[in-house]
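Dear colleague,

Please read the notes with the structure open beside them.

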Amino acid sequence: MIRLKDIAKELDLSISVVSKVINNSKGTAVVSPATTKRIRETAQRMGYLCNRTAVALRSGSQQAIGLLLHPMGAAGSEMTEDLLKGAAQEMSAHEQRMELVFYQNKAEFMKQMRRMGPTRVDGLIVAGLDHDYLNPALRELAQEGVPIVTILSEPVSSAIPNVGCGDMEGSRLATEHLIEQGCERIAQIGKWDLRLQGYVQALRAHGRTPDDSLIYQTDRSTFTAQVGEEGVAAFVARGVQYDGLVCQCDIYAMGAMRALARLGRSIPNQVKVIGFDNAPICEHLAEPLSSVSLELRDRARRAVLAMIRLQHGGSIDSIQVPPRVVHRASSRLVRSSVK
């Protein structure tokens with residue numbers, strides 16, 4: 001069995017330094033990143049197995065981070081999967097276990113939150129959909145000394161660091177992208193106020209007056225392609241013309257594209273379309289769909305790093321990761337062949 005002293009001998013380091021890194025003790029902060037990397041790589045190469053029970057008894061640390069997650073997005077969007085992959089990758093790199101629990105409503109959230117105590121995890125990451133009930137519950141838990149980081153659209157409290165990615169900014173970028181592609185009249189299909197505000201903001205920034213007839217707001221609580229089809233049908237009923245379409249999620253965009261095809265409207269020649277969430281299926285449509293990425297994998301990694309810093313006594317401010325427009329054929333600029 002490989003022991004800490006074997007790793008220390010291999011690297012010509014003291015056992016205490018190796019122990020600090022392997023056991024993620026608070027003293028790890030004095031070890032350089034390069035040395036930390038060498039120790040972890042050597043431990044993995046030599047097949048060192050950490051006795052987590054012993055570590056917990058010595059340090060009071062569980063070497064575990066709780067992840068309380070409300071799943072996001074339509075089936076196939078892989079938003080939840082991306083977040084989990086990013087969190088798992090960073091936790092593994094720092095020898096942390098993930099205690100993963102899903103929840104769907106307030107009752108489930110409150111029950112699971114209380115289970116994530118110091119005898120089970122060293123800190124809690126809350127991610128997924130925003131809810132009003134998160135604010136008071138998490139503030140109370142934070143006041144009890146539990147390290148908390150959120151991965152939400154907006155911070156629940158100024159006292160709890162959040163790794164966000166602005167919905168408003170993403171929608172603004174999507175709308176601006178269509179303007180840059182030459183669209184003169186841009187319609188919008190969606191549900192969320194912040195994304196609508198981003199659309200309106202972009203139009204006004206370019207000297208355009210928002211037209212209510214070009215906005216379709218749904219009250220549906222589910223992610224379905226039918227919403228996109230209903231939006232296109234509403235525009236037909238209103239008799240409005242448009243050459244650009246911003247959809248607040250990819251599944252809405254796919255429904256809208258299907259409806260436009262039935263109407264004989266060519267994409268991107270007659271209507272350019274952009275979605276939101278950058279689902280993998282965007283790549284595989286007849287006209288690959290441009291979309292806005294909320295960078296969930298990167299945000300999850302950053303949240304884990306923030307949590308580890310909190311656990312070691314550091315302070316963390318909320319982080320805003322910029323959304324990213326992924327350009328594909330559905331919004332391609334079509335240049336005239338007429339000379």
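At what angle do helix α5 and helix α12 pack, and how far apart are their axes? Bearing in mind that this is a predicted model, helix α5 (residues 79–93) and helix α12 (residues 296–311) pack at an angle of about 35°, and their axes are 7 Å apart. The crossing in which α5 passes α12 is right-handed. On the α5 side the contact is made by Met79, Asp82, Leu83, Lys85, Gly86, Ala87, Gln89, Glu90 and Met91, while α12 contributes Leu296, Arg297, Ala300, Arg301, Val304 and Leu305. Sorted by class, the residues in this contact of α5 with α12 are eight nonpolar, two polar and five charged.

The other part I looked at is an open sheet of six strands with mixed pairing, in which the strands follow the order β7-β6-β8-β9-β10-β12. Its edges are formed by β7 (215–217) and β12 (324–326), each of which has a single partner strand, so one side of each is left without a neighbour in the sheet. From one strand to the next, the twist averages 15°.

Helix α10 (residues 225–238) lies across β6 (186–190), β7 and β8 (244–247), running at about 135° to β7. Helix α11 (residues 250–262) packs on the sheet and touches β6, β8, β9 (272–276) and β10, with its direction making about 155° with that of β9.

Conventions:
Residues are numbered from 1 along each chain as its sequence is written. This is a predicted model: local features need pLDDT of at least 70, side-chain atom pairs count only at pLDDT 80 or more; totals for chains, interfaces and linings use all residues. Side-chain values use heavy atoms; hydrogens and water are left out. Axes are lines fitted to C-alpha atoms, for helices over the stretch in contact, and angles run from 0 to 180 degrees between N-to-C directions. Helices (H or I, at least four residues) and strands (E, at least two) are DSSP runs, numbered from the N terminus. A crossing is left-handed if the near helix is turned anticlockwise from the far one by less than a right angle, and right-handed if clockwise. Contact means heavy atoms within 4.5 Å. Ala, Val, Leu, Ile, Met, Phe, Trp, Tyr, Cys and Pro count as nonpolar, Asp, Glu, Lys and Arg as charged, and the others, Gly among them, as polar. Two strands pair if DSSP finds at least two bridges between them.
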